[in-house]
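Biologist: I'm new to this one. Could you show me how to read its aromatic rings and its pockets?

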Amino acid sequence: MTDPLILASGSEIRATLLRNAGVDFEVQVARIDEEAIRQSLEAENASPHDIADMLAEVKAQRVAAKNPDTLVIGCDQILAHGRTILVKPKTADDAIAQLKSLRGQKHQLLSAVVIYSDGKPLWRHVGTVRLTMRDASDQYLTEYVLRNWDSIQHAVGSYKLEEEGVRLFTRIEGDYFNVLGLPLLELLSYLTLRGTLPT
């Protein structure tokens, strides 16, 4: 590789996806107030697409400011239920309420990635996945959350498709890597075209 890479994310799933793809990088978690930024953008009627993109950019920008000669990868994922954005649940009761609000309906996961270097964004992409949740019973949703709370408390929407959460859905349209929070194929393609990864 010709360019050093930093992943500005504490997500173990994103790091694992990159490692499994044979990408060398280091991790530096961006310390930003995501909730304040998101609420400000929502107050300005920004779209979920733009909110995901901006959060990814702010993370990349923050870490890039301390690493000017490095490619910094910022990422974020937003769950959009119509114009409503759901965030990571604070409690198990929050998670149950989120799942009840989504059941029997469609929602979108938007996974944004922005690459920053030399004080400016070089490349960006937002991948979208459309998901249809089955009309699960109150009892199943409650038991699902209690069984899986340790894992899903850090998950947007209170589920993980790579685990038991897949049983909540009847249809998923889109790239599975976007479900996991990283538009991996598009990111690898850009890094390869740039010459950062070998052709």
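Predicted model: local features only at pLDDT ≥ 70, side-chain atom pairs only at ≥ 80, totals over all residues.

Biologist: Where in the chain do W123 and Y190 sit?

Modeller: W123 belongs to strand 6 (residues 120-133) and Y190 to helix 7 (residues 184-194), so the pair links distant parts of the chain, 67 residues apart.

Biologist: Are W123 and Y190 buried or exposed?

Modeller: W123 and Y190 are both buried. Another stacked pair is Y140 with Y144, at 6.3 Å centre to centre and 20° between the planes. Both lie in helix 5 (residues 138-152), 4 residues apart, about one turn of the helix. Y140 and Y144 are buried too.

Biologist: What sits over the ring of Y140?

Modeller: The charged end of R134, 4.8 Å from the ring's centre.

Biologist: And how do I read a pocket?

Modeller: Rolling a probe the size of a water molecule over the atoms shows where empty space is left. Here the largest pocket holds about 920 Å³ of space.

Biologist: Which residues lie nearest its centre?

Modeller: R14, K88, H154, A155 and V156, out of 35 lining residues. Strand 3 gives the largest share of the lining, 4 residues.

Biologist: What classes of residue make up the lining of the largest pocket?

Modeller: That lining has 17 nonpolar, 7 polar and 11 charged residues.

Key
Residues numbered from 1 in each chain as written. Heavy atoms only, no water. Helix = DSSP H or I, 4+ residues; strand = E, 2+ residues; numbered from the N terminus. Buried < 20%, exposed > 50% of the residue type's maximum accessible area, 1.4 Å probe, protein only. Phe/Tyr/Trp six-rings, centres within 6.5 Å; stacked < 30°, edge-to-face > 60°. Lys NZ or Arg CZ within 6 Å of the ring centre and 35° of its normal. 1 Å grid on protein atoms, 1.4 Å probe; cavity = no way out; pocket = protein on both sides within 12 Å on 5 of 7 lines; lining within 4 Å. Points joined across faces, edges and corners; volume = space filled by probe spheres on them. Nonpolar A, V, L, I, M, F, W, Y, C, P; charged D, E, K, R; others polar.
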